[in-house]
Amino acid sequence: MDKKYDKGGQRVTSCCGCYSTYCDEVLCCKSCYAEVEFGEGDGSEFRAAVDPDLYYKNLFAAEEVEAGVDFREDGEF
Ligand SMILES: [Zn+2]
């Protein structure tokens, strides 16, 4: 299956394009709870050109904006 990435370049699950979480010892898709491979949506894998430090910096900046003002998803409407 092709690898999928979010807008910022973090790898997400191949099944749903979502993030993943550990259920006991198994890494699972947060959307369908199927078992996924290490690196899919767990925050450890990024596009080759992406700097993870910068990714998280942008993520936290976006969350501050979201908390402070009325947040609107890009291109949803
Ligand atoms: Zn899934």
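**A walk through the predicted chain**

Helices (H or I, at least four residues) and strands (E, at least two) are DSSP runs, numbered from the N terminus. The model is predicted: local features need pLDDT of at least 70, side-chain atom pairs count only at pLDDT 80 or more, and totals for chains, interfaces and linings use all residues. Residues are numbered from 1 along each chain as its sequence is written.

Now the overall layout. From the N terminus, the order is β-β-β-β-α. The average pLDDT of the chain is 88. A score of at least 70 is reached by 84% of the residues.

How much of the chain is buried? Of its 77 residues, 12% are buried. A residue is buried if 20 or more other C-beta atoms lie within 10 Å of its own, exposed if 12 or fewer, and partly exposed in between; the C-beta atoms are placed from the backbone.

Contacts come next. Two residues are in contact if their C-beta atoms, placed from the backbone, lie within 7 Å. Take the contacts in the chain with a separation of 6 or more: residues 24 or more positions apart account for 29% of them.

Strand E4 covers residues 26–29 and includes Leu 27. Leu 27 counts as partly exposed because it has 18 C-beta neighbours inside 10 Å. Which residues does Leu 27 contact, leaving aside its neighbours within four places in sequence? They are Ser 20, Tyr 22, Glu 35, Val 36, Phe 38 and Asp 42. Gly 41 is 14 residues from Leu 27 along the chain, and their C-alpha atoms are separated by 9.2 Å.

Go back to the loop between strand E3 (20–23) and E4. Asp 24 lies there. Its phi is near 55 degrees, a positive value in a residue other than glycine. Asp 24 has 5 other C-beta atoms within 10 Å, so it is exposed.

Tyr 33 sits in the loop between E4 and helix H1 (52–68). Phi of Tyr 33 is also positive in a residue other than glycine, near 60 degrees. Is Tyr 33 exposed or partly exposed? Tyr 33 counts as partly exposed, because 14 C-beta neighbours lie inside 10 Å.

Terms used: pLDDT is the predictor's confidence in each residue, from 0 to 100.
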